[in-house]
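Hello,

Here is the model I promised you. Please open it next to the sequence, and my notes follow below.

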Amino acid sequence: MAKIKGAVEVNTNRCKGCRLCVVACPSKVLAMSKQVNAKGYNYAYMENPDACIGCASCGIVCPDGCISVYKVKIEQ
């Protein structure tokens, strides 16, 4: 049986660094980058991708729609 794993894709150019996604993540997957985007904002990224459960809490709370969440099948 296949196992389901989550994957988060952040549009780093649109992210304004509000950190709402970091706070909303129950698995502590997201963190803020030390690097900045073209607008000068630190952006969110997947710091701990193996812990993602694909719940989409981060995408729901993002006010700018910068986050897409996918569920990926992992064959065992």
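**Salt bridges and the rest**

Asp64 is partly exposed, with a relative accessible area of 26%. Here, buried means under 20% relative accessible area, exposed means over 50%, and partly exposed lies in between (1.4 Å probe, protein chains only).

First, the provenance. This is a predicted model: local features need pLDDT of at least 70, side-chain atom pairs count only at pLDDT 80 or more, and totals for chains, interfaces and linings use all residues. Residues are numbered from 1 along each chain as its sequence is written, and side-chain values use heavy atoms, with hydrogens and water left out.

**Charged pairs**

What does Asp64 pair with? Its side chain meets that of Lys16 in a salt bridge, at 3.6 Å from N to O. This pair links distant parts of the chain, 48 residues apart. Lys16 sits in the loop between S1 and H1, and Asp64 in the loop between H2 and strand S4 (67–74). Lys16 is partly exposed, at 40% relative accessibility. The rule for a salt bridge is a side-chain nitrogen of Lys or Arg within 4 Å of a carboxyl oxygen of Asp or Glu. Helices (H or I, at least four residues) and strands (E, at least two) are DSSP runs, numbered from the N terminus.

By that rule there are two salt bridges. The other partners to look at are Asp50 and Lys5, whose closest N and O atoms are 3.6 Å apart. Asp50 lies in the loop between S3 and H2 and Lys5 in strand S1, so this pair ties together parts that are 45 residues apart in sequence. Asp50 is exposed, at 64% relative accessibility. Lys5 is partly exposed, at 25%. In general, side chains of opposite charge can pair when their charged atoms come close.

**The core**

The largest nonpolar core has 16 residues. Which of them touch the most other members? They are Val8, Cys21, Leu30, Cys58 and Ile67. S1, H1, strand S2 (30–36) and S3 are the elements that give two or more residues to this core. A nonpolar core is a set of buried Ala, Val, Leu, Ile, Met, Phe, Trp, Tyr and Cys residues joined through side-chain atoms within 4.5 Å. In soluble globular proteins, nonpolar side chains tend to be buried together.

Take Leu30. Neighbours within four places in sequence aside, Leu30 is in contact (heavy atoms within 4.5 Å) with Val8, Cys21, Val22, Cys25, Tyr45, Met46, Glu47 and Cys58.

Val10 lies in strand S1. It is buried, at 17% relative accessible area. With neighbours within four places left aside, its contacts are Cys15, Ala44, Cys66 and Ile67. Val10 and Gly65 are 55 residues apart in sequence, yet 9.1 Å apart in space, C-alpha to C-alpha.

Ser33 lies in strand S2. It is buried too, at 9% relative accessibility. A polar atom of the Ser33 side chain lies 3.0 Å from the backbone nitrogen of Gln35. Beyond neighbours within four places in sequence, Ser33 is in contact with Asn42, Tyr43 and Tyr45.

**The surface**

Which residues form a nonpolar patch on the surface? Leu20, Ile60 and Val61 do, with about 280 Å² of accessible area together. Patches take residues with over 30% relative accessible area and no salt bridge; like charges are joined within 9 Å, nonpolar side chains (Val, Leu, Ile, Met, Phe, Trp, Tyr) within 5 Å. Accessible areas come from the Shrake-Rupley method with a 1.4 Å probe, and for residues only the protein chains shown count as cover. Ile60 lies in helix H2 (residues 57–61). It is exposed, at 68%.

Lys39 is in the loop between S2 and S3. It is exposed, at 60% relative accessibility. Lys39 and Thr12 are 27 residues apart in sequence and 10.0 Å apart in space, C-alpha to C-alpha.

**Backbone**

Two residues to check by eye: Arg19 and Ala56. Arg19 has a positive phi of about 70°, although it is not a glycine. Its place is in the loop between strand S1 (3–10) and helix H1 (20–24). Arg19 is partly exposed, at 44% relative accessibility. Ala56 has a phi near 70°, again positive in a residue other than glycine. Ala56 lies in the loop between strand S3 (42–46) and H2. It is partly exposed, with a relative accessible area of 25%.

Best wishes

Note on methods. A polar contact is a pair of N or O atoms within 3.5 Å; within protein, one must be able to donate a hydrogen and the other to accept it, and residues adjacent in sequence count only if both atoms are side-chain atoms.
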